Amino acid sequence: MAGVDADPLPAVHFRSDQSIGDALAQLTRVLRDAGIDTPQRDARFLLRGLLGLDGAKLLSCSARALGDDAERISDAARRRAAHEPVSRILGHREFYGRDFIVTPDVLDPRPDTEAVVEAALGLIKSRGLSQRPLSIVDVGTGSGILIVTLLAELPNARGVGTDVSQAALEVARRNAASLGVKDRVHFVATSGLDGCAGPFDLVISNPPYISTGEIDELERDVKDFDPLLALDGGADGLCVYRKIAQNIVELQRPLMVVLEVGSTQAEAVIEIFSSAGGQLIGRHKDLGGHTRAVALEIHL
Ligand SMILES: C[S@@+](CC[C@H](N)C(=O)[O-])C[C@H]1O[C@@H](n2cnc3c(N)ncnc32)[C@H](O)[C@@H]1O
């Protein structure tokens, strides 16, 4: 309406004398009305996170009053109804069984990215390398989920995480410290692998891979909250893959490479890395049958 500033956050209020069970029902309704796809699941996650309760306790404490937590729950409800992701509201998210700090400076980690961890660990185990002092580099590390998870799973490995965002690297450092791998990793502000001489046994990456023209069409939860740097892969979405392939030509070989790819990009990415001497050695498909991670070996 002309002359009236719209409040971007809907008015939602929870009372201190309201029970947890009633709040769960109300929050589910608020999120459903706001067009959130998974209102009940998100309401549960938010209440569990804000009240510090596991799933069973949330049920067994459903008659308890919200008390002082009512204000924080009202605030979280308004933010989720405005499509802010649950992990951003809570400030953390689980990935591959570990809890990672998430801030506005990093991509909200996606469950799909666990395919990169599984593909990399599968490759390492199948070659009998799990106990070796492997050297791993994660390009576009963001919150550090990939390199921190692999180092936590591979106690003798060391690693490097690169990112063009200094702010993201700060989050990755905090995650490396809280998950006990900070002495085996260092983080470098650079594009691709510029200035990283290695030698590396494995390169992993979940680079930005949305084409610039598609960013506007993304869901609000993504385009309004994930950093543009973490999404925008250039005109065809493949710019950072090309950058990594160019860098790899300079590195010592043989070298394993495991990359997350967009659901329609596998063939184009394989082609880019084939031109850099890569040979496809594995694909990881999602439930819809789309390849979401590719593994390649770069030979001598
Ligand atoms: C899709 S996010 C992935 C973050 C994290 N690896 C994950 O899987 O959640 C891509 C990351 O790459 C970084 N990035 C973008 N362009 C880059 C480049 N040329 N070199 C290195 N990092 C880049 C972004 O800042 C962002 O943190």
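## A pair of helices, then the sheet

Let's start with two helices that meet: the axes of helix H2 (residues 39–51) and helix H4 (residues 70–81) come within 11 Å and cross at roughly 145°. The crossing of H2 past H4 is right-handed. On the H2 side, the contact is made by Asp42, Leu46 and Leu50, and H4 brings Arg72, Ile73, Ala76 and Arg80. Sorted by class, that contact has four nonpolar residues, three charged ones and no polar ones. Keep in mind that this is a predicted model.

Now for the strands. As a reminder, strands of a sheet pair through backbone hydrogen bonds, either parallel or antiparallel. Here, seven strands form an open sheet with mixed pairing, in the order E5-E4-E3-E6-E7-E9-E8. E5 and E8 are the edge strands, each pairing on one side only. On average, neighbouring strands of this sheet are turned by 20° against each other, direction ignored.

Strand E4 (residues 158–163) and strand E5 (residues 185–189) run parallel and are joined by five bridges. In that pairing, aspartate 163 stands opposite alanine 189 of E5. Strand E3 (residues 135–139) also pairs with E4 in the parallel sense, over five bridges. Serine 135 has arginine 158 in E4 as its bridge partner.

What do E4, helix H8 and E5 make together? They make a right-handed β-α-β unit, with H8 covering residues 166–178. H8 lies across both E4 and E5, and runs at about 175° to E5.

Strand E1 (residues 92–95) and strand E2 (residues 98–101) pair in the antiparallel sense over four bridges. Histidine 92 stands opposite isoleucine 101 in E2. Two residues sit between the strands of this hairpin, and tyrosine 96 takes a positive phi near 50° there.

| Residue | Where it is | Other C-beta atoms within 10 Å |
|---|---|---|
| Asparagine 206 | loop between strand E6 (202–205) and H9 | 27 |
| Valine 222 | helix H9 (residues 220–223) | 17 |
| Leucine 287 | loop between strand E8 (278–285) and strand E9 (291–298) | 6 |

Asparagine 206 is buried because it has 27 other C-beta atoms within 10 Å, and the cut-off for buried is 20 or more. Leaving aside its neighbours within four places in sequence, asparagine 206 is in contact with Thr113, Val116, Gly140, Leu146 and Glu260. Asparagine 206 and valine 258 are 52 residues apart in sequence, yet their C-alpha atoms are 8.9 Å apart in space.

Terms used:
Residues numbered from 1 in each chain as written. Predicted model: local features only at pLDDT ≥ 70, side-chain atom pairs only at ≥ 80, totals over all residues. Buried ≥ 20, exposed ≤ 12 C-beta atoms within 10 Å, placed from the backbone. Pairing = 2+ DSSP bridges. Right-handed = clockwise from strand over helix to strand, strands pointing away. Axes fitted to C-alpha atoms, helices over the stretch in contact; angles between N-to-C directions. Left-handed = near helix turned anticlockwise from the far one by under 90°. Contact = placed C-beta atoms within 7 Å. Nonpolar A, V, L, I, M, F, W, Y, C, P; charged D, E, K, R; others polar.
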